[in-house]
Amino acid sequence: MRQTINTDCIFCKIAAGEFGTEFLYESPEIVAFRDIHPKAPTHILIIPRRHIPKVSDLTEEDEKLIGRMITVANILAEQEGLRERGFRLIFNCGRESGQEVFHLHLHLLGGRLFNWPPG
Ligand code: AMP
């Protein structure tokens, strides 16, 4: 049985409502909230409530969860007026990717032009 909550994890605490963070979306499995240091006019983090450290810890059992996270990103992108303009979705995974918070999160970024390849 995999661990569901890590009491030392900031995103577990946010998902549990410990800081009163405003959720732009919430369900029994997923919450979404604005990044505290936004890198674009829209910068939202979509996370599972369950503590999964990173993408490479996912299993086939999580495929529905990940699909739902993408659906939530589309819902929020629409709400933010980004559907036609476009937006970027990012999962950082592990040290060299720049992942800082080891609780799975999908970045939804939009409202400006992005470069490719990313830095
Ligand atoms: P990553 O580099 O992919 O691990 O991204 C972690 C993101 O979490 C960064 O963009 C941070 O600004 C953001 N972040 C860290 N702490 C908080 C917090 N308490 N509330 C909202 N966003 C946070």
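Analyst: A pocket is an open set of points on a 1 Å grid over the protein atoms alone, with protein on both sides within 12 Å along at least five of seven lines. A molecule sits in a pocket if more than half of its atoms lie within 2 Å of its grid points. This model is predicted, so local features need pLDDT of at least 70 and side-chain atom pairs 80 or more, while totals for chains, interfaces and linings use all residues. Residues are numbered from 1 along each chain, and side-chain values use heavy atoms, without hydrogens or water.

User: Where does the ligand sit, and which residues come nearest?

Analyst: The ligand sits in the largest pocket. Around the ligand are 17 residues (a heavy atom within 4 Å), and D35, E100, V101, H105 and H107 come nearest. This shell divides into six nonpolar, seven polar and four charged residues.

User: Why is the pair of F11 and F33 called edge-to-face?

Analyst: Rings pair if their centres lie within 6.5 Å; planes under 30 degrees apart are stacked, over 60 edge-to-face and the rest tilted. The centres of F11 and F33 are 5.5 Å apart and the planes stand at 80°, so the pair is edge-to-face. The pair links distant parts of the chain, with F11 in helix α1 and F33 in strand β2, 22 residues apart.

Definitions and conventions
1 Å grid on protein atoms, 1.4 Å probe; cavity = no way out; pocket = protein on both sides within 12 Å on 5 of 7 lines; lining within 4 Å. Nonpolar A, V, L, I, M, F, W, Y, C, P; charged D, E, K, R; others polar. Phe/Tyr/Trp six-rings, centres within 6.5 Å; stacked < 30°, edge-to-face > 60°. Helix = DSSP H or I, 4+ residues; strand = E, 2+ residues; numbered from the N terminus.
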